[in-house]
Amino acid sequence: QVQLVESGGGLVQAGGSLRLSCTASGSVFSINDMDWYRQAPGQERELVAAITSGGYTRYADSVKGRFTISRDNAKNTVYLQMNSLKPEDTAVYYCAAELAPYRDYPVHYYWGQGTQVTVSS
């Protein structure tokens, strides 16, 4: 069974920083993309940042220059460093990963449970 567990959320003042972590555990054979999404109240879930297994990254326009996604393949962990936070960054942040739990098993997309990030003005 695969689990994605996020940590690092919390309350921060505008202009501050937070670092989110997400680790895939359980039956993990290989991981392709690892992504961070967020969902604010009343809004649709949106992709914030993504990173391939080779380290190629992409970002939502709203976070470019402020957020940095990285990963440690040896630890099956993805990070999201969030700087210069704004109140509009307030949301539940979810990590997701495209992974195969076993050799020769089809890849599936797995989600974490989410972690709350609140930015006060």
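Does C95 count as buried or exposed, and at what relative accessibility? I looked this up first, and at 1% relative accessibility C95 counts as buried, where buried means under 20% relative accessible area, exposed over 50% and partly exposed in between, with a 1.4 Å probe and protein chains only.

Before going on I noted that this is a predicted model, in which local features need pLDDT of at least 70 and side-chain atom pairs count only at pLDDT 80 or more, while totals for chains, interfaces and linings use all residues. Residues are numbered from 1 along each chain as its sequence is written, and side-chain values use heavy atoms, with hydrogens and water left out.

I then searched the whole structure for disulfides (pairs of cysteine sulfur atoms within 2.5 Å) and found one. It joins C22 to C95, with S to S at 1.9 Å. The pair links distant parts of the chain, 73 residues apart, with C22 in strand 3 (residues 18–26) and C95 in strand 9 (residues 91–100); strands here are DSSP runs of E, at least two residues, numbered from the N terminus. C22 is buried as well, with a relative accessible area of 0%.

Next I turned to R38, which I found in strand 4 (residues 30–39) and which is buried at a relative accessible area of 6%. For its polar contacts I took pairs of N or O atoms within 3.5 Å, where within protein one must be able to donate a hydrogen and the other to accept it, and residues adjacent in sequence count only if both atoms are side-chain atoms. The side chain of R38 makes such a contact with the side chain of D89 at 2.9 Å, and another with the side chain of S62 at 3.3 Å.

Definitions and conventions:
Helix = DSSP H or I, 4+ residues; strand = E, 2+ residues; numbered from the N terminus.
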